[in-house]
Amino acid sequence: MSMCVSSVLHRSPIFKGKAVSEASKEDDIEETNQTAVMDYVLLGLHGHHDLKVVLLVLCLGIYCMNLLGNSLLMVLIMLDPHLHNPMYFFLSNLSLIDICGTSSFISLMLTNFLQTRSTISFPACALQMFLTLALGTTECLLLAAMAYDRYVAICHPLRYTELMTPHMCIQMGALSWGTGFVNSLLQSILIWCLPFCGHNVINHFFCEILAVLKLACGDISLNALVLMVATTILTVTPLLLICLSYIFILAAIFWVPSTSGQRKAFSTCSAHLTVVVIFYGTISFMYLKPKAKNPNVDKIITLFYAAVTPSLNPIIYSLRNAEVKASVTALLGGGLLTRKFSHVYCCPLTLSVNMS
């Protein structure tokens, strides 16, 4: 009955004009939304050309250092049999995340620094947001896995080979990667289902999830809830597990009778602890500090967090780890490559388990 009444009303001269007007508005909205998903404008540092040139030079240098340092660390871990253990297995995964994470946004961002109008297509924006969120979450989980590895090595050294088997390490790594990517996929689907009402100006250097979420013109309460729960589970919980692991580690080190033994035990986890402090410290500063009066300040802080932090990991592990130093020396001297090629046909690459 109601459908018949509606049909009559729309056919009547009185409501015909209104129906046409509403249909026209819907077409306009649909057309606007389609325009929004075709192309996005990255505001960045709009109107600050001199500062963009400075950032271009700095970011290019940092990105090159990131690629060189993390690639070298991955090559060392692959070539040196002394580094075929759980800690360096997780570290190679961390280096891969740092390379992929920065490459997902910084290459396009450097190109946009040279242009008057910075734009990004919808597929590129969706992929950029997906990768940055997925890799960031995976890094949190990998840091927790590395903390567990150090906990077992120091607190349960006699059971280390039993607990940290190659199969277990691969499972922990796969779980970290899988969880990060599934979470990012869920967040991306929820965001891109929102209406954007033609808003296509992202007030950032790249498609960061919070910056994209601000463009939505619909109800984002579900997105905020899911994002908060996921952040608590996948970011805060790993931090609590890392802190708990180091409480047990410090307690175990305290009971070591000799000072040299304490120093040696702590040196095996000092590099990881430094990386954790820098990673979570910069996140806390970035999101918990008072909002700056100039929004460009917050954007520059986020940019340097995303670009600088990944480039520090290989430096930290090189300076604070004797095994990595020895591998670098052997590689520069040619001995590492000679040993590798002499055993390549008789000794397959395996993941050994030891406490170093």
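Angles under 35 degrees count as roughly parallel, over 145 as roughly antiparallel, 65 to 115 as roughly perpendicular, and the rest as oblique. α4 and α7 pack at about 25°, and are therefore roughly parallel to each other. This is a predicted model, so local features need pLDDT of at least 70 and side-chain atom pairs count only at pLDDT 80 or more, while totals for chains, interfaces and linings use all residues. Residues are numbered from 1 along each chain as its sequence is written, and side-chain values use heavy atoms, with hydrogens and water left out.

**Helix pair α4 and α7**
- The axes of α4 and α7 are 10 Å apart; axes are lines fitted to C-alpha atoms, for helices over the stretch in contact, and angles run from 0 to 180 degrees between N-to-C directions.
- Helices here are DSSP runs (H or I, at least four residues), numbered from the N terminus.
- α4 and α7 make a right-handed crossing, meaning that the near helix is turned clockwise from the far one by less than a right angle.
- On the α4 side, Pro86, Phe89, Phe90, Asn93, Leu96 and Ile97 meet Cys169, Ile170, Met172, Gly173 and Trp177 of α7, where contact means heavy atoms within 4.5 Å.
- That contact splits into nine nonpolar, two polar and no charged residues; Ala, Val, Leu, Ile, Met, Phe, Trp, Tyr, Cys and Pro count as nonpolar, Asp, Glu, Lys and Arg as charged, and the others, Gly among them, as polar.

**Helix pair α5 and α9**
- Helix α5 (residues 122–155) and helix α9 (residues 221–254) have axes that come within 9 Å and cross at roughly 20°, which makes α5 roughly parallel to α9.
- Their crossing is left-handed, and the residues in contact include Leu141, Tyr148 and Tyr151 of α5 and Pro238, Tyr246 and Phe248 of α9.
- By class, the α5 contact with α9 has 17 nonpolar, three polar and one charged residues.

- On a 1 Å grid over the protein atoms alone, a cavity is a set of points where a 1.4 Å probe fits but cannot get out, and a pocket is an open set with protein on both sides within 12 Å along at least five of seven lines.
- The largest pocket holds about 1100 Å³, and of its 41 lining residues (an atom within 4 Å of a point), Leu133, Ile283, Met286, Tyr287 and Tyr305 are the closest to its centre.
- The lining of the largest pocket has 26 nonpolar, twelve polar and three charged residues.
- Gln187, Ile191, Ile209, Leu213, Asn223 and Leu227 line the largest cavity, whose volume is about 30 Å³.

Notes:
Helix = DSSP H or I, 4+ residues; strand = E, 2+ residues; numbered from the N terminus. Points joined across faces, edges and corners; volume = space filled by probe spheres on them.
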